[in-house]
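Please keep the sequence and the coordinates at hand while reading.

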Amino acid sequence: MKDEKKMISINILFPVLNEEDRLEKGIEKTLNYIKNLDEAQFTLTIVDNGSTDATEKIARALASKHDAVQYLRIKTRGVGAAFRAGVAANTCDIVGYMDVDLSTDIRHLETVVTQFRQTPDLFMVNGSRLSKNSIMNGRKWYRNLSSYGLKWLLKITLRMQASDAICGFKFYRAVDLPAVMAQSSSENGWFYIIELLIRTERQNLRIDEIPVRWEDDHRTTVQFFKLVRNYVTQISRLYFLLNREKKD
């Protein structure tokens with residue numbers, strides 16, 4: 001018998017941009033897995049931030065087929081913009097995001113459910129590809145180098161405590177999330193997710209970091225050098241902003 005008192009609702013956001021080849025498989029596989037997690041009620045929200053291929057058509061078909069699937073389209077591109085839009089529309093107890101290619105092993109969702117059910121003061125579950133107990137397969141050497149480089153740059157400049165800032169597997173207790181988001185920037189890209197983590201750490205909100213099994217998808221659309229330049233720019237911006245806030 002289900003424990004109704006401890007039943008929680010979880011909204012998984014899937015930010016997508018031109019994902020016609022991977023969208024249906026990712027959503028159907030997720031739906032097939034979560035039906036066995038009977039201690040939580042799931043909603044899957046596809047947040048389409050400007051796709052020009054068949055992503056919208058596929059997403060609308062999935063939303064029509066499955067009650068648990070929602071479709072949200074925004075004009076602004078970027079994971080940060082997609083995340084904010086998804087959170088704004090969220091009605092669940094827990095909200096987070098995953099990559100639709102399911103690079104992070106989907107079985108870690110069970111840990112998310114357990115952690116939030118058993119830990120009332122938990123604010124965030126942060127998936128990490130870079131902890132000593134993580135398993136990372138198929139990562140290209142230059143992307144591996146960039147991940148570790150970013151990790152140590154964030155630790156040195158912004159005193160980040162986490163071992164991984166950008167793994168696509170993060171979940172938050174929704175009731176406390178708006179306060180953290182209100183202090184963060186309006187950055188539309190990946191760095192918005194990093195800033196949320198840094199802000200969370202500085203507010204001493206509880207974060208449980210879990211090592212994950214992660215497998216690289218070589219069809220990624222990430223532009224490596226453009227991403228690195230943006231990270232350096234955004235780290236500098238946040239570094240000076242946090243120092244100014246500290247003085248004030």
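Asparagine 133 counts as exposed, because its relative accessibility is 57% and the cut-off for that class is over 50%. The model in which this residue is seen is a predicted one, and asparagine 133 sits there in the loop that runs between strand 5 (122-128) and strand 6 (135-137). Although asparagine 133 and isoleucine 210 are 77 residues apart in sequence, their C-alpha atoms are 8.9 Å apart in space.

**Overall fold**

- The protein chain has a secondary structure of eight helices and nine strands, and its radius of gyration of 17 Å is close to the 18 Å that the globule rule gives for 248 residues, so the chain is as compact as a globular protein of that length.
- When contacts between residues at least 6 apart in sequence are considered, 82% of them join residues at least 24 apart.
- The protein chain carries 37 positive and 31 negative charges, and the mean positions of these two sets lie 5 Å apart.

- Asparagine 90 belongs to the loop between helix 3 (79-89) and strand 4 (94-98), and it is buried because its relative accessible area of 14% falls under the 20% cut-off.
- The side chain of asparagine 90 comes to 3.0 Å from the backbone nitrogen of cysteine 92, and, with neighbours within four places in sequence left aside, asparagine 90 is in contact with Asn11, Val95 and Ala174.

**Buried sites in strands**

- Isoleucine 12, which is part of strand 1 (residues 8-16), counts as buried at 0% relative accessibility.
- Once residues up to four places away in sequence are set aside, isoleucine 12 touches Thr30, Phe42, Thr43, Leu44, Thr45, Gly96, Met98, Leu109 and Phe171.
- Isoleucine 12 and serine 185 are separated by 173 residues in sequence and by 22 Å in space, taken from C-alpha to C-alpha.
- Aspartate 208 has its place in strand 8 and counts as buried, with a relative accessibility of 12%.
- The side chain of aspartate 208 is joined to that of glutamine 115 by a polar contact of 2.9 Å, and glutamine 115 is also listed among the contacts of aspartate 208 beyond four places in sequence, together with Leu122, Met124, Val125 and Asn126.

**A buried loop residue**

- Leucine 102 is found in the loop between strand 4 and helix 4 (109-118), where it is buried, with a relative accessible area of 14%.
- Apart from neighbours within four places in sequence, leucine 102 is in contact with Phe14, Gly26, Lys29 and Thr30.
- Leucine 102 and alanine 179 are 77 residues apart along the chain, and 29 Å separates their C-alpha atoms.

**Exposed loop residues with positive phi**

- Arginine 159 is not a glycine, yet it has a positive phi of about 55 degrees; this residue lies in the loop between helix 5 (141-158) and strand 7 (169-173) and is exposed, with a relative accessible area of 65%.
- Asparagine 204, likewise not a glycine, has a positive phi of about 60 degrees; its position is in the loop between helix 7 (191-202) and strand 8 (206-211), and at 68% relative accessibility asparagine 204 counts as exposed.

Key: Residues are numbered from 1 along each chain as its sequence is written. This is a predicted model: local features need pLDDT of at least 70, side-chain atom pairs count only at pLDDT 80 or more; totals for chains, interfaces and linings use all residues. Side-chain values use heavy atoms; hydrogens and water are left out. Helices (H or I, at least four residues) and strands (E, at least two) are DSSP runs, numbered from the N terminus. The radius of gyration is taken over C-alpha atoms; the globule rule is 2.2 Å times the number of residues to the power 0.38. Contact means heavy atoms within 4.5 Å. Lys and Arg count as positive and Asp and Glu as negative; His and the chain ends are not counted. The place of a charge is taken as NZ of Lys, CZ of Arg, CG of Asp or CD of Glu. Buried means under 20% relative accessible area, exposed over 50%, partly exposed in between (1.4 Å probe, protein chains only). A polar contact is a pair of N or O atoms within 3.5 Å; within protein, one must be able to donate a hydrogen and the other to accept it, and residues adjacent in sequence count only if both atoms are side-chain atoms.
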